[in-house]
Amino acid sequence: MLESYLKSRLIEKKILLMTHIVLGYPSFEECFKIIETMVDAGVDLMELQIPFSEPVADGPVILHANQKSLAEGSTVKKCLDFAQNVTQSFDIPFLFMSYYNILFKYGIDRFAVSMAERNMKGAIVPDLPPEEGQDYLDAMKKYNLDPIFIFSPTTPDERMNYLASFGRGFIYCVARKGVTGLDTDFSEHLDKYLERCRRATHLPLALGFGVKDKNDIDFLKGKTDIAVIGTQTIRLVEKEGVGAVGEFIGSLR
Amino acid sequence: MINRGYYDGFGGAFLPEILVATFDDLEDKFIKAKNDPSFWKEYTDIMSTYSCRPTPVTFAENLTNYFNGARIYIKREDLNHTGAHKANNVMGQGLLVKRMGKTRVIAETGAGQHGVATATMAAKFGFKCTIYMGEVDVQRQRPNVFWMDRLGAEVIPVREGTRILKDAINEAFRDWVSNMDTTHYVLGTACGPHPFPEMVSYFQSIIGKEARKQMLEKEGRLPSRIYACVGGGSNALGIFKGFLDDPVELVGIEAGGRGLDSGLHASRLSSKDASIGVAQGYKTYFLQNSDGQMKETHSVAAGLDYVGVSPILAHLKESGRVRFESATDREVIDAMSLTIKKEGLIPALESAHAFVQAFKEAPELSKEDIILINQSGRGDKDIFTVADAFDDPRWKEFIKKKAEEYNA
């Protein structure tokens, strides 16, 4: 479902944009405004991160956003309620991103039901390799949701094929080593990696980690299908407020 | 990722994709080393020359007479180089790092013992070294920070989250995902993703191997009960592993903090406050809320102040093979004080948790019974915390004078 949506969008656009926000940061009200602005500015899909106390794959900016959201009283229930409101209000696909313990404690099947009821399209769970994720894979399939799997530059070709056999919707390609929000060197090195990713799957490819401006996105055109902007918009909201988001997103394509 | 490292449903390897290849390589090197008979010999050789292995068992005659029950023996892991069992794991992983050809090591530390041990290993083997330590622990374990600095390690205070052990582990993982080509993460306890629980308890099993032999030599029979404190679980697993197939009751003691009812503790297996979850790459009992967010923990002993626990111990709890108890901060100070006075031994605050439970049970046992306590480390490092607990006026006077000297 998500795959066909993305492929139809790609007929009109050279590259799609996916953005990432941490739910409840700076607040749920402001999250709603950020989403509204992003959708108006032409973002094609969004990942909504349910905060977790131990976000090991995230760098300082998203880590602090997780901690502050929790300190302000965010709960899984509030995130689910918010998601319901968002999917009813905006006409782009939304995904959840969170760490496995959030799904595990909620109950994997129950979580998948909640996602389907709220018209969420899929999930990205960065600490859940398919080897550990049978229950998750079963539940996602049962409710027609897309589990998004991740390639990294350290993933051998054979394992890329293995991961792609479980993935649906698209594959999230991590641009480099390290955590979210650090600089990425957009160079030939990345080309070779993306070629490897492309050979491993027929699914659209998203590239994230360190994508921050128009130059980066221009570089990625023709090499990846989706550019992921995560930390950069969170930084922007922190520095200049929600009002700056629209212009920033508009400047990217 | 072939072997998932499960212990009856606990454990696993919940890894971000970027680390999968690193863990595959680590497991491969570890299995090869384990199957190479010369590796264990190399390991025991270095432990007998660089550290102080085999560490003795000491018969605690005065405590035995005082409690008038079971004969009390103490396994002296405090006599290792750097003063704790941590050296066992660190030197073992150091030998693996050499085999892997890496040039830098990183580690988390709570009490600072694992950090100091890692820093000495790095100095000896010529590795660069970075230690992550929660800001709260940097404050309460200052002497160990001083030694890590002297040993040439870079100590990074972690200001995220609860600013203790779990947060230091998160930061070490964040370093590792950037630098895995040159760097090995020397995880300090039998937790984390596979193969760490297996690997750390493999190196620590030297404690139990020695202790079993020593008890047979001294007494001609095995102890009826063995006591060990449980933070992540590495010293406990180390000694327990020597006795798993014997008719010996194994008792793990967790940090009861200000009491199990206070909520201010770090008891995952002996309280009702923990539930099964997945964090820091493995599945076990965690102190977490109903949403799966980790809670703050509390203990007078920084080394036990941790939200999770070894998946191997979670399994041994479920199977009933190990009994778990807890000791409060107050009980720990009292047990430490008694041990110092009666035996002239200074257990670390962590280790003193094991003494608390042994002292509760010794009088109820017969004089024919033998009990063995694992003194996982020495208490010198705790001088500031213990001085506060004793409210020692002469110590305070000394610190004030010292501060004046620095201000002058």
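This is a predicted model: local features need pLDDT of at least 70, side-chain atom pairs count only at pLDDT 80 or more; totals for chains, interfaces and linings use all residues.

**Entry 1: what covers helix H1 of chain B.** I started with the buried residues of H1(B) and asked what covers them. The cover includes strand E5 (146-151) and E6 of chain A. From chain B itself it includes helix H2 (37-49), helix H4 (86-100), helix H8 (165-179) and helix H9 (196-219).

H1(B) runs over residues 17-34, which is 18 residues. I checked its span, and from first C-alpha to last it reaches 26 Å, close to the 26 Å expected at 1.5 Å a residue. Then I listed who is buried in H1(B): Glu17(B), Ile18(B), Leu19(B), Val20(B), Thr22(B), Phe23(B), Leu26(B), Glu27(B), Phe30(B) and Ala33(B). I kept a general point in mind while reading that list: an α-helix has 3.6 residues a turn, so residues three or four places apart point the same way.

**Entry 2: the contact between the chains.** How many residues does each chain put into the contact? I get 31 residues from chain A and 27 residues from chain B. On the chain A side, the elements giving two or more residues are helix H3 (60-71), helix H5 (100-106) and E5. H5(A) gives the largest share, 5 residues. By type, this side of chain A divides into 17 nonpolar, 8 polar and 6 charged residues.

**Entry 3: parallel strands in chain A.** I followed E6(A) next. Strand E6 (residues 171-174) and strand E7 (residues 205-208) of chain A pair in the parallel sense over 4 bridges. Tyr172(A) stands opposite Ala206(A) in E7(A). To get from E6(A) to E7(A), the chain passes through helix H9 (residues 188-200) of chain A, and this β-α-β crossover is right-handed.

E7(A) also pairs with strand E8 (residues 226-229) of chain A, in the parallel sense over 2 bridges. Here Ala206(A) has Ile226(A) as its bridge partner in E8(A). With helix H10 (residues 214-220) of chain A, E7(A) and E8(A) make a right-handed β-α-β unit.

**Entry 4: strand E6 of chain B.** Is E6(B) mostly covered or mostly open? I find it mostly covered, with 6 of its 7 residues (128-134) buried. Strand E5 (residues 104-109) of chain B pairs with E6(B) in the parallel sense over 6 bridges. Between E5(B) and E6(B) the chain goes through helix H5 (residues 113-125) of chain B, in a right-handed β-α-β crossover.

E6(B) pairs with strand E7 (residues 154-158) of chain B as well, in the parallel sense over 5 bridges. There I noted Ile131(B), whose bridge partner in E7(B) is Val155(B).

Entry 5: I picked up a cis peptide bond between Tyr25(A) and Pro26(A), with omega about -5°. Pro26(A) sits in the loop between strand E1 (16-22) and helix H2 (28-40) of chain A. In chain B, His194(B) and Pro195(B) are joined by a cis bond, with omega about 10°. Pro195(B) is in the loop between strand E8 (183-185) and H9 of chain B.

For phi, I noted Asn119(A), which is not a glycine but has a positive value of about 60°. Asn119(A) lies in the loop between helix H6 (108-117) and strand E4 (122-124) of chain A. It counts as partly exposed because 13 other C-beta atoms lie within 10 Å. Arg163(B) also has a positive phi of about 60° without being a glycine, and its place is the loop between E7 and H8 of chain B. With 19 other C-beta atoms within 10 Å, Arg163(B) is partly exposed; the cut-off for buried is 20 or more.

**Entry 6: chain B as a whole.** I count 15 helices and 14 strands in chain B. Buried residues make up 61% of the chain. Of the contacts between residues at least 6 apart in sequence, 74% join residues at least 24 apart.

Technical notes. Residues are numbered from 1 along each chain as its sequence is written. Chains are lettered from A and ligands numbered from 1 in the order in which they are written. A residue is buried if 20 or more other C-beta atoms lie within 10 Å of its own, exposed if 12 or fewer, and partly exposed in between; C-beta atoms are placed from the backbone. Two residues are in contact if their C-beta atoms, placed from the backbone, lie within 7 Å. Two strands pair if DSSP finds at least two bridges between them. A crossover is right-handed if, with the strands pointing away from the viewer, the path from the first strand over the helix to the second runs clockwise. The expected span of a helix is 1.5 Å times one less than its number of residues. Ala, Val, Leu, Ile, Met, Phe, Trp, Tyr, Cys and Pro count as nonpolar, Asp, Glu, Lys and Arg as charged, and the others, Gly among them, as polar.
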